[in-house]
Structure formats: structure tokens, C-alpha cells
Amino acid sequence: VLNGDLGYAQILGQRFAAEVPTQINFAFDSAQLDESARRILLRQAAWIKQFPEARSRVYGHTDAVGSQAYNQALGQRRANAAVAFLTQ
């Protein structure tokens, strides 16, 4: 992946999407991981450990309620919560 072999990265991305859930959900206006999210992240972590050469990205999303700045910060807190869980 790091040497520019995009085909391999695409294959890994497709396998990840087919083999583990790719999304977690949060309660409204929250960045706290619930039990369901933690279970999904554990499955993702186990899958990711099989491919240490791969790099992953985590995105945090929100609904459209609230200001753009508030939602940007909430999305970042959600992504940070997922990354913190995955890295522990």
C-alpha cells in the first residue's frame, strides 16, 4: 500500500467492507461509544491487525441539526473516540 500499489489497497478496502461492519452510530449529540459501537470496533480492530501494512482513516459524521462549526467539532470528537478505542 505504501509503495503506491493502489490495487492492493482497493482490494483490502473491499474485503474490509464485506467482512466487518464499517460504521458505528452514536446517540444524538454524543461522542460516547455505546456497547454496540465497542463490539463493532473490536471486530474492526481484529481485522485491521491482520494487515499491519495497511493504513486506515476514520471519519466522524453528524446530522444537520446545529451549526456547521458545532457539527464539525462533534464529528471530530466522534472520530477521536473511535480512534482512541481502536488504538487501545
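A residue counts as buried when its relative accessible area is under 20%. Keep that cut-off in mind for what follows. The model described here is predicted.

**The annotated span**

The UniProt record, an unreviewed entry, carries the annotation "domain: OmpA-like" for residues 13-88.

**Helix 2**

Helix 2 runs over residues 35-49. It has 15 residues. From first C-alpha to last it reaches 21 Å, close to the 21 Å expected at 1.5 Å a residue.

Which residues of helix 2 are buried? They are Ala37, Ile40, Leu41, Gln44, Ala45 and Trp47. Seen down the helix axis, these buried residues fall within an arc of 160°, so they line one face of helix 2. Leu42 and Lys49 sit on the other side of helix 2, and they are exposed. The cover over the buried residues includes helix 1 (6-19) and helix 3 (68-87).

The N-terminal end of helix 2 has a cap. Asp34 provides it. One of the side-chain oxygens of Asp34 lies 3.2 Å from the backbone nitrogen of Ser36.

| Core | Number of residues | Residues |
|---|---|---|
| Largest nonpolar core | nine residues | Ile24, Phe26, Leu33, Ala37, Ile40, Leu41, Ala81, Ala82 and Phe85 |
| Second, separate core | five residues | including Leu12, Phe16, Val20 and Trp47 |

Ala37, Ile40 and Leu41 are buried residues of helix 2, and they belong to the largest core. Trp47 is also buried in helix 2, but Trp47 is listed in the second core.

What does Ala37 touch beyond its neighbours within four places in sequence? Ala37 is in contact with Ile24 and Asn25. Of these, Ile24 is one of the residues of the largest core.

**Val65 in the loop**

Val65 is found in the loop between helix 2 and helix 3. Is Val65 buried or exposed? Val65 counts as exposed because its relative accessibility is 51%, and the cut-off for exposed is over 50%.

Val65 still has contacts. Not counting residues up to four places away in sequence, Val65 touches Phe28 and Asn71. Gln44, a buried residue of helix 2, is 21 residues from Val65 along the chain. The C-alpha atoms of Val65 and Gln44 are separated by 29 Å.

Key: Residues numbered from 1 in each chain as written. Predicted model: local features only at pLDDT ≥ 70, side-chain atom pairs only at ≥ 80, totals over all residues. Heavy atoms only, no water. UniProt positions renumbered as here; feature names shortened; annotations may be inferred. Helix = DSSP H or I, 4+ residues; strand = E, 2+ residues; numbered from the N terminus. Expected span 1.5 Å × (residues − 1). Buried < 20%, exposed > 50% of the residue type's maximum accessible area, 1.4 Å probe, protein only. Arc of directions from axis to C-beta. Contact = heavy atoms within 4.5 Å. Polar contact = N/O pair within 3.5 Å; in protein donor to acceptor, adjacent residues only side chain to side chain. Core = buried A, V, L, I, M, F, W, Y, C linked by side-chain atoms within 4.5 Å.
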